[in-house]
Amino acid sequence: QGMPEETLLAFDYGAKKLGVALGNTLLKQARPLDLILEPTRDGRFSRIEALLATWQPERLVVGLALATDGSEQYASQHCRRFARQLEGRFGIPVVLVDERGSSVEAQKITGNAPDDAVAAAIILQRYFDAHS
């Protein structure tokens, strides 16, 4: 009796852009989905709302930016706040996943998807790997 199948959306949070990836717990495969470049917070959240309406995820994953030694840094607070806003606004559980090195990994993976969306997919894949 495995876990029930869940659809997940993952976010690679940045001050100017937001990478989005999609996956589910059955296949445990993450794929780059979208890149949100809205300049305003409202614009971002309406794009996120549209994605949530389309994909109906049971859970969200947000990459947590940490310093190389694993300590909190300025960006960590932004990631945490974004995660809280997502959970508060949409009522969907949010999990934070260490995103260290995901951008570097994303740059190594070529393809048409933007780095940030690929980084979001890497973050989601880490979640799956940790929960398999």
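What we are looking at is a predicted model, in which local features need pLDDT of at least 70 and side-chain atom pairs count only at pLDDT 80 or more, while totals for chains, interfaces and linings use all residues. Residues are numbered from 1 along each chain as its sequence is written, and side-chain values use heavy atoms, with hydrogens and water left out.

Let me stay with the charged pairs for a moment. The structure holds seven salt bridges, and one of them joins Glu6 to Arg59, where the closest N and O atoms are 2.9 Å apart. Because Glu6 lies in the segment before S1 and Arg59 in strand S4, this pair ties together parts that are 53 residues apart in sequence. Helices (H or I, at least four residues) and strands (E, at least two) are DSSP runs here, numbered from the N terminus. For accessibility, buried means under 20% relative accessible area, exposed means over 50%, and partly exposed lies in between, with a 1.4 Å probe and protein chains only. Glu6 is buried, at 11%, whereas Arg59 is partly exposed, at 21%.

Another salt bridge links Asp116 with Lys17, the closest N and O atoms being 3.3 Å apart. Asp116 belongs to helix H4 (residues 115–130) and Lys17 to the loop between S1 and S2, so here the parts tied together are 99 residues apart in sequence. Asp116 counts as buried, at 14% relative accessibility, and Lys17 as partly exposed, at 35%.

Now to helix H1. How far apart are the end C-alpha atoms of H1? They are 21 Å apart, which agrees with the 21 Å that its 15 residues, 41–55, should span at 1.5 Å a residue; the expected span is 1.5 Å times one less than the number of residues. The buried residues of this helix are Gly43, Arg44, Phe45, Ile48, Leu51 and Leu52. What covers them includes strands S1 (7–13), S2 (18–24), S3 (29–36) and S4 (59–64), together with helix H2 (74–90).

Arg47 is also found in H1, and it counts as partly exposed because its relative accessibility is 26%. Leaving aside neighbours within four places in sequence, Arg47 is in contact, meaning heavy atoms within 4.5 Å, with Asp34, Leu35, Ile36 and Glu38. Just after H1 comes Gln56, which takes a positive phi of about 50° and counts as exposed, at 53% relative accessibility.

Finally, the aromatic rings. Rings of Phe, Tyr and Trp (its six-membered ring) pair if their centres lie within 6.5 Å, and planes under 30 degrees apart count as stacked, over 60 as edge-to-face and the rest as tilted. The structure holds five such pairs, among them Phe11 and Phe82, which are edge-to-face at 5.7 Å centre to centre with 80° between the planes. Since Phe11 lies in strand S1 and Phe82 in helix H2, the pair ties together parts that are 71 residues apart in sequence. Both Phe11 and Phe82 are buried, and along with Tyr13, Phe45 and Phe90 they form one aromatic cluster.

Note on methods
Salt bridge = Lys/Arg side-chain N within 4 Å of Asp/Glu carboxyl O.
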